[in-house]
Amino acid sequence: MIMSKFYKILIVFCVLLCVPLIASQFSTEVNWSVLDFVIAAILLFGTGLLSMNLYTKIKTSKYYLILIILVLLVFILIWAELAVGIFNTPISGS
């Protein structure tokens, strides 16, 4: 059962990474380097694995929902910082 969830996360992860790959073939506005794909892969896969791990460890749905919201919020904040630099840290993309 856990392996099937792992494969579902892997499929979603690959589909999400194919979107900028295909977009870069048709538009010059999407300009991702190999490092961008690696960082996106680490973030997406790490978020998926963390959510799967929380699902197996947390038995109460209330706490699980709160933790998943926190994980997704951290993911979105890191992604936004890497993309446009909303906090002006050294890892910002602008």
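Start by selecting helices α2 and α3: they run roughly antiparallel to each other, a label given to angles over 145 degrees. Before you go on, note that this is a predicted model, in which local features need pLDDT of at least 70, side-chain atom pairs count only at pLDDT 80 or more, and totals for chains, interfaces and linings use all residues. Residues are numbered from 1 along each chain as its sequence is written, and side-chain values use heavy atoms, with hydrogens and water left out.

**Stop 1: the α2/α3 pair**

Colour residues 34-57 for α2 and 61-84 for α3; their axes come within 10 Å and cross at roughly 175 degrees. Axes here are lines fitted to C-alpha atoms over the stretch in contact, with angles running from 0 to 180 degrees between N-to-C directions.

Now show side chains. On the α2 side, pick I39, A40, L43, L44, T47, L50, S51, L54 and Y55; they meet Y64, L67, I68, V71, L72, F75, I78, W79 and L82 of α3. Contact means heavy atoms within 4.5 Å. By class, this contact has 16 nonpolar residues, two polar and no charged. Nonpolar covers Ala, Val, Leu, Ile, Met, Phe, Trp, Tyr, Cys and Pro; charged covers Asp, Glu, Lys and Arg; the others, Gly among them, are polar.

**Stop 2: the largest pocket**

Next, select I9, T47, G48, S51 and M52, the closest to the centre of the largest pocket among its 17 lining residues. The volume of this pocket is about 350 Å³. A pocket is an open set of points on a 1 Å grid with protein on both sides within 12 Å along at least five of seven lines, and lining residues have an atom within 4 Å of a point. Helices α1 (2-26), α2 and α3 each give two or more residues to the lining, which has 12 nonpolar, three polar and two charged residues.

**Stop 3: the second largest pocket**

Move on to N31, W32, L35, D36, I39, A40, L43, W79, L82, A83 and I91, which line the second largest pocket. Its space comes to about 220 Å³. Helix α2 supplies the largest share of this lining, five residues. Nine of the lining residues are nonpolar, one is polar and one is charged.

**Last stop: the whole chain**

Zoom out to see three helices and zero strands. Helices are DSSP runs (H or I) of at least four residues, and strands (E) of at least two. The C-alpha atoms fill a box of roughly 45 × 30 × 15 Å along the principal axes. Of the 94 residues, 21% count as buried, meaning under 20% relative accessible area with a 1.4 Å probe.

How values were computed
Parallel < 35°, antiparallel > 145°, perpendicular 65-115°, else oblique. 1 Å grid on protein atoms, 1.4 Å probe; cavity = no way out; pocket = protein on both sides within 12 Å on 5 of 7 lines; lining within 4 Å. Points joined across faces, edges and corners; volume = space filled by probe spheres on them. Buried < 20%, exposed > 50% of the residue type's maximum accessible area, 1.4 Å probe, protein only.
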